[in-house]
Amino acid sequence: PNPCGALTPPRLSQFKSRRLGMADMEGFEHSHFLYGTFYSNAGYSLFYLVRSKPVEVICLQGGSYDHADRSFFSYDKTWKSCLENNADLKELIPEFYNTDDESVSKGGRFLLNVSDLPLGRLQSGEKVDDVVLPEDVKSSRAFVRKNRKELEEAEIGGWIDLVFGCAQRGE
């Protein structure tokens, strides 16, 4: 399996190339990391949770929401950014797989702007509201159920070993 953030072979190649280039830089001779940041952090989690945890987001952002064009307004655009932008290492959080209607995420509720939060307008003028989901899903609940089904059918043992276990030190 590829490391987190290395979603495609060209992207992994770019990270490896950067790592090798850093070996020649003073102070980085012993650097053996692929990314300049951790792939999972509070900012990334709150990026996805702005609609269900607005107070925490406002605290993290210094008193206001982030610019609308940098917010989580479209699943497809966020996925594209993670594929193409080497500085974007976001991973999906548990809420994308939690089908429990009794939880805080309420089976996809974190994707809906049920509190009508003022999340701003994109440069195009479009209001940021509910997250725009892929065209093949009918609702946020259906989207989370689909993600959960795919996760349960996936072979993730290698990934777990890579992130948390015996394969952490890789090549």
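Mentor: Leaving aside neighbours within four places in sequence, Asn-147 is in contact with Phe-96 and Tyr-97.

Trainee: What makes that a contact?

Mentor: Distance. Contact means heavy atoms within 4.5 Å. This is a predicted model, where local features need pLDDT of at least 70, side-chain atom pairs count only at pLDDT 80 or more, and totals for chains, interfaces and linings use all residues. Residues are numbered from 1 along each chain as its sequence is written, and side-chain values use heavy atoms, with hydrogens and water left out.

Trainee: Where is Asn-147 found, and what is α5 by definition?

Mentor: Asn-147 is in helix α5. Helices are DSSP runs (H or I, at least four residues), as are strands (E, at least two), numbered from the N terminus.

Trainee: Why does Asn-147 count as buried?

Mentor: Its relative accessibility is 8%. Buried means under 20% relative accessible area, exposed over 50%, and partly exposed in between (1.4 Å probe, protein chains only). So Asn-147 is buried.

Trainee: Why does Pro-134 count as buried?

Mentor: Pro-134 has 11% relative accessibility, so it falls under the buried limit. Pro-134 sits in the loop between α4 (75-84) and α5 (140-153). Beyond neighbours within four places, Pro-134 is in contact with Tyr-75, Asp-76 and Phe-143. Pro-134 and Lys-77 are 57 residues apart in sequence, and 9.8 Å apart from C-alpha to C-alpha.

Trainee: Which residues of α4 are buried?

Mentor: Tyr-75, Thr-78 and Cys-82.

Trainee: How do you know that they line one face of the helix?

Mentor: Look down the axis of α4. The buried residues fall within an arc of 70°, so they line one face. The arc is taken from the directions that run from the helix axis to the C-beta atoms. The cover over these residues includes α1 (9-22), α2 (42-49) and α5. On the face of α4 turned away from the buried side are the exposed residues Lys-77 and Glu-84.

Trainee: What happens at the start of α4?

Mentor: A side-chain oxygen of Ser-74 reaches to within 3.5 Å of the backbone nitrogen of Asp-76.

Trainee: What makes Lys-146 and Asp-136 a salt bridge?

Mentor: Their closest N and O atoms are 2.5 Å apart. A salt bridge is a side-chain nitrogen of Lys or Arg within 4 Å of a carboxyl oxygen of Asp or Glu. Therefore the pair qualifies. It links distant parts of the chain: Lys-146 lies in helix α5, and Asp-136 lies ten residues away in the loop between α4 and α5.

Trainee: How many salt bridges does the structure hold?

Mentor: Six. Among them, Asp-66 pairs with Arg-70 at 2.6 Å between the closest N and O atoms. Asp-66 is partly exposed because its relative accessible area is 24%. Arg-70 is exposed because its relative accessibility is 51%. Another joins the side chains of Asp-88 and Lys-90 at 2.8 Å, N to O. Asp-88 and Lys-90 are both buried.

Definitions and conventions: A polar contact is a pair of N or O atoms within 3.5 Å; within protein, one must be able to donate a hydrogen and the other to accept it, and residues adjacent in sequence count only if both atoms are side-chain atoms.
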